[in-house]
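User: Hi, can you walk me through how two chains meet in a model? Here is what I have open.

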Protein chains: 4
Amino acid sequence: MAHVLGQNQYGKAENRIVRVYRDSTRHEIKDLNVSVALSGDLDDVHLTGSNANCLPTDTTKNTVFAFAKEYGIESAEQFGITLAKHFVDNNEPIHRARIRIEEYTWDRIKTPDNSARFIGSEEVGHSFVRNGGETRTSEIVYDGESVQVISGLKDLVVMNSTNSEFWGYIKDKYTTLQEAYDRILATQVTARWKYGFTGKDDEAQPNWNRSYTHVRRHLLEAFAETYSYSLQQTLHSMGTRVLNNRSEVDEVRLELPNKHHFLVDLEPFGLKNDNEVYYAADRMYGLIEGTVHREGVLPVIPVA
Amino acid sequence: MAHVLGQNQYGKAENRIVRVYRDSTRHEIKDLNVSVALSGDLDDVHLTGSNANCLPTDTTKNTVFAFAKEYGIESAEQFGITLAKHFVDNNEPIHRARIRIEEYTWDRIKTPDNSARFIGSEEVGHSFVRNGGETRTSEIVYDGESVQVISGLKDLVVMNSTNSEFWGYIKDKYTTLQEAYDRILATQVTARWKYGFTGKDDEAQPNWNRSYTHVRRHLLEAFAETYSYSLQQTLHSMGTRVLNNRSEVDEVRLELPNKHHFLVDLEPFGLKNDNEVYYAADRMYGLIEGTVHREGVLPVIPVA
Amino acid sequence: MAHVLGQNQYGKAENRIVRVYRDSTRHEIKDLNVSVALSGDLDDVHLTGSNANCLPTDTTKNTVFAFAKEYGIESAEQFGITLAKHFVDNNEPIHRARIRIEEYTWDRIKTPDNSARFIGSEEVGHSFVRNGGETRTSEIVYDGESVQVISGLKDLVVMNSTNSEFWGYIKDKYTTLQEAYDRILATQVTARWKYGFTGKDDEAQPNWNRSYTHVRRHLLEAFAETYSYSLQQTLHSMGTRVLNNRSEVDEVRLELPNKHHFLVDLEPFGLKNDNEVYYAADRMYGLIEGTVHREGVLPVIPVA
Amino acid sequence: MAHVLGQNQYGKAENRIVRVYRDSTRHEIKDLNVSVALSGDLDDVHLTGSNANCLPTDTTKNTVFAFAKEYGIESAEQFGITLAKHFVDNNEPIHRARIRIEEYTWDRIKTPDNSARFIGSEEVGHSFVRNGGETRTSEIVYDGESVQVISGLKDLVVMNSTNSEFWGYIKDKYTTLQEAYDRILATQVTARWKYGFTGKDDEAQPNWNRSYTHVRRHLLEAFAETYSYSLQQTLHSMGTRVLNNRSEVDEVRLELPNKHHFLVDLEPFGLKNDNEVYYAADRMYGLIEGTVHREGVLPVIPVA
């Protein structure tokens, strides 16, 4: 029985690029991790040892660095679209490019304002401290015809110290869990959202950076304001909040590990634990995943 | 515009279970990391705060541990099938269960054979050293009708110190790579393979452990014996070798990061580097991915 | 020749404790990772199998959780001192306790102020987002007589995009590095500082939280304001800045990996790289370590 | 009050070098991670911005790669001694060099012996699979007069499924632990051992590779053969076993995290758990550390 070469792709992963803008004494920096994956007419590369259709991964890396100079990096999404179109439009055998980008953000270091020491503070134009919170992500796919942009974030860790319950669930032979009427709810948010943008010639790009800021804010607000009866309910609130407020977004997918905080039994020591002392567990953990999308829009963000 | 709840699933992830068989002084151990994900009639859990259809993740955890005693763990696949069927067949609202398992293997510690010290050696029946090589993986999905099993491995690191070339590729404006006629080829194999097995009533399960051992062997042999003109070609050889030799397997998907080893330029120091001294780089790296499947079989292993 | 049991210690490591203060609707949280190490009259535990002098590591864990309720956690240092004294003062065979604590900080989630939507914002009293930046560290040692406190931080990543040079160094047969007159200087700060505090009966504890905030600020300011000819010089500025401004600190030790940012050669692509496009490397990296201490004070912070 | 520059050192860390020996079709490889730290007359580098006494970390990196060709790598220890002596003996301001090396080992890939397919197997001379078990470590210090070598290993994970008890310990107000008469004992061994070798002119170097193999074997055997009443007792057996059998070793220090395996309570499910089903916990964990050394030898391996 014959064998068939199925889906395949290749490229240079994790190109760690820092772009500095030095137009004034107030520098700007973009710090990205860019991964390229190309597909197309690559059967020979796999079957015969001919690399005639292969744009080397090393060249894809060079292109990333060169484009940072030639086109600049206004946003990860815009940069990714430019890269993806280049690879497909300029290499006959390449039919599809997927660019994944992680972005790390930096805050400015501030020092006391010398004109008013101990009162104001001023930023140092070339000094930065890395903001260690969530990582911004994006994935741009271009197939020669249209563009698909899925942006997101990961490692955004949040906690509600109250306003969370969990009860009324199925009880079977293997159930030992006690119902909870006041518990900590904590999770490490991974979110991905798909834009309606498809990259038609006359289609304006969304303001990607502004959109990111707002989606992130809506996720946080929905998490904080939802009185929760299950992490699923919180997930659904977070997704719908984004769709309700950001028309440029079509679909939201969330992965929410339940970072369990177990109440410690202090009774053996003659102490009462009124939801004050918790043990933060690593593993095992609940994992809640789900998609919310607009009616009539085909969801495309894959299950992890 | 209305919003729709799309694909969603939940369960307890990363249940770290060690099962000891103590039937004789020669103990056996199984060391697994089991993750459960359930889907079904869960709209209310997301929308109304009712958990009436929710089997708690805590209960799925309890079930994993209880089943290790009730049914034992002959193989990860068999254990996963038993779990998946239980969740779907015994919980009306649960329509689909996905069980993912990582397995860590242990070797026996040997001590000098006292009857012939310094000549033979004998194993200690209850003492083990963890084999730190690859992790065995499996994913079992059951939807109430049929079973799908995708087994695999990850973190199997291999190297050929010669018999690898790379030349004849596309050159464009951004190309600087020199062609190579003798290079190191090293990669960290992630492989997944799908079995033809679908869990029909009268269908015998493959010998999962034996199948794993053979697939792993064929992957290693194909890597070692392929004179390579590209990592894609090596990937294809590895996939087809498995399909050629293991009829129980339908589809193989491989992810092969190119762990670059760069020849160090020693000429500034008056030394000639005849492919002897390399710098092993971490990032960026080439990433080559692909599927090989039998003709007529629909490939199902998702892109990572 | 006889063998001797040398330095030994034991205890429960990495107790992950979250303490919630719920005295008002504005909750406060402390999130710590506490490790206990005890030493003393423990020869028998090692030699004879008698555990008569062994306070189990499980009990040290229980004590950590119980003390979070009994004594609260005002600061990691104060909590550590209370724990260390308890173990030594209440267990005859235990002569020395070392408590190491990592602290993770959380910011409050803010939502739009409903009385002035889109203008002000108000915090949600029970909702937090983890501040992913540096981790605060502390080590408290008590030997029955005096207390030693070494506080610190790790994973504080900083970058200067200019004002750094490196030239005038030794050139030998193995030198290929070009002198640099304008480079990026980036590092991931690990700092430890020892307090003069020794825990005498009438000795007031420093305000640990306030001291931490100020030391951190001085480290950042010194990094930002130093025009650097070597990372060693920057290190020295950072250490002396702390000693000059914080009289409660005696000694500062810094570990500064040089997170190399290499200028990418864009000339092959007809582009000029005016210190704009960098490749951020992972490994190898320069590692610069050093201590600055007050004259007459014996430095005690160990080399990593 | 004046400030003093205390202990300081610098160098290039984590030079990832792979050395291939291709003298026959049966290649040999050495895979090392080499870190250099130099100390000496470096006050000016810290204080004045003069780098006149600074051998750049980049040069130390070049030297590592060049020496791999010039002198070869017979063992990590020998390679480290050669490097350390070079840095101190050839750079007037450098008074002390510390070389730390991690070594990763590779096994040969075997393929079926074609002359007797399915019976014998033969190794492929240039194909290797990384042995994912423990990492071999070494630290070489040279101060211009004598050499100190501390070798070791880390991440050697071992388990005894029986022959371990723990009882008879101190009970206090915070004790809840039940005594155990048959438990799993598992740990991830970090071991360091100091050689008596001091590098005098007429002093032969030990056979470092052979010594490593034997020390590792004695650690495993002692772990397997000790009926344990505490992990401390097991630690002591492991250390003394090495000293009893390897005269070239003076001192052994072990760090043994107690990788807890908790018996799962299956009674709620009507099942009896006869030490068969365990939950493998990540954190918190007991941590047992200790040194065993020959009488009259000053122990020097630092506490971690």
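User: How much area do chain A and chain B bury between them?
Analyst: Keep in mind that this is a predicted model. The two chains, A and B, bury about 6700 Å² between them. Of that, 55% is on carbon and sulfur atoms.

User: Which three residues of chain A supply more of its buried area than any other three?
Analyst: They are A:His3, A:Ile170 and A:Tyr174. Together they supply 11% of the area that chain A buries against chain B.

User: And how many residues are in contact?
Analyst: On chain A, 80 residues are in contact with 80 residues of chain B.

User: New topic. How many salt bridges are there between chain A and chain B?
Analyst: The count is four. One of them joins B:Arg283 to A:Glu14. Their closest N and O atoms are 2.7 Å apart.

User: What about polar contacts across the interface?
Analyst: There are 42 residue pairs in polar contact, counting pairs with both residues at pLDDT 80 or more.

User: Which element gives the most to the side of chain A that touches chain B?
Analyst: That is β1(A), with eleven residues. Other elements supply at least two residues each, including α2 (57-70) and β4 (94-104) of chain A.

User: How do the residues on that side of chain A divide?
Analyst: There are 32 nonpolar, 33 polar and 15 charged residues.

User: Back to β1(A). Which strand of chain B does it pair with, and in what sense?
Analyst: β1(A) pairs with strand β13 (residues 285-294) of chain B. The sense is antiparallel, over nine bridges.

User: What stands opposite A:Gly11?
Analyst: B:Leu287, in β13(B).

Note on methods
Residues are numbered from 1 along each chain as its sequence is written. Chains are lettered from A and ligands numbered from 1 in the order in which they are written. This is a predicted model: local features need pLDDT of at least 70, side-chain atom pairs count only at pLDDT 80 or more; totals for chains, interfaces and linings use all residues. Side-chain values use heavy atoms; hydrogens and water are left out. Contact means heavy atoms within 4.5 Å. Buried area is the accessible area (1.4 Å probe) that two parts lose on being put together, summed over both. A salt bridge is a side-chain nitrogen of Lys or Arg within 4 Å of a carboxyl oxygen of Asp or Glu. A polar contact is a pair of N or O atoms within 3.5 Å; within protein, one must be able to donate a hydrogen and the other to accept it, and residues adjacent in sequence count only if both atoms are side-chain atoms. Helices (H or I, at least four residues) and strands (E, at least two) are DSSP runs, numbered from the N terminus. Ala, Val, Leu, Ile, Met, Phe, Trp, Tyr, Cys and Pro count as nonpolar, Asp, Glu, Lys and Arg as charged, and the others, Gly among them, as polar. Two strands pair if DSSP finds at least two bridges between them.
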